[in-house]
Amino acid sequence: KLGGGKETITTYSYTEEWSSHWYDSSGYADKSKQGMNRKPSSLDVGTQEALCDKVEYGLGFVLSKSLVDMCKGYIPATNLLGESVKFDGKGDAMVFRKTSDEFFYYG
């Protein structure tokens, strides 16, 4: 450095990868990377399991909530869903696509 002073150089690096956590890019030090990722407000990031409100067994038999609560050994429905799933929540229509890890991703 001219005049014998010290100069500190800070380098930032960013990688694009799927994650179960949300990383808000608005706080990135590199201004060119700010706003590079976006998340629809109606979308929660992560893995989530939920029981169906209505479970049918065979033709015409509907299981009560107490029977559904006793069910164990669930089989993932991933193979039944196809290659994409459409989510229409609060006006934000989103299409999730299945990848090689058998999870569905948006974007």
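Select Lys98 and Glu83: their side chains meet in a salt bridge (3.8 Å, N to O). A salt bridge here is a side-chain nitrogen of Lys or Arg within 4 Å of a carboxyl oxygen of Asp or Glu. Lys98 lies in strand β4 and Glu83 in the loop between α2 and β3, so this pair ties together parts 15 residues apart in sequence. Helices (H or I, at least four residues) and strands (E, at least two) are DSSP runs, numbered from the N terminus. Lys98 is buried at a relative accessible area of 15%, whereas Glu83 is exposed at 55%. Buried means under 20% relative accessible area, exposed over 50%, and partly exposed in between (1.4 Å probe, protein chains only).

Before moving on, note that this is a predicted model, in which local features need pLDDT of at least 70 and side-chain atom pairs count only at pLDDT 80 or more, while totals for chains, interfaces and linings use all residues. Residues are numbered from 1 along each chain as its sequence is written, and side-chain values use heavy atoms, with hydrogens and water left out.

Next, select Asp69 and Lys65, whose side chains form a salt bridge (3.0 Å, N to O). Both are in helix α1 (residues 65-70), four residues apart, which means about one helical turn separates them. Asp69 is partly exposed at 37%; Lys65 is exposed at 60%. Then pick Glu56 and Lys54, which also meet in a salt bridge (3.5 Å, N to O). The count of salt bridges comes to three.

Return to strand β4 (residues 92-98) and colour β5 as well. The two pair in the antiparallel sense over three bridges; strands pair if DSSP finds at least two bridges between them. Select Phe96 to find its bridge partner in β5, Tyr106. The two strands form a hairpin with five residues between them, and Glu102 in the turn has a positive phi of about 75°.

Which residues touch Thr78, leaving aside neighbours within four places in sequence? Lys98, Glu102 and Phe104 are in contact with Thr78, where contact means heavy atoms within 4.5 Å. Thr78 sits in helix α2 and is buried, with a relative accessible area of 19%.

Last, select Ser25, in the segment before β1 (55-57). Ser25 counts as buried at 0% relative accessibility. Beyond neighbours within four places in sequence, Ser25 is in contact with Lys33, Gln34, Gly35, Met36 and Asn37.
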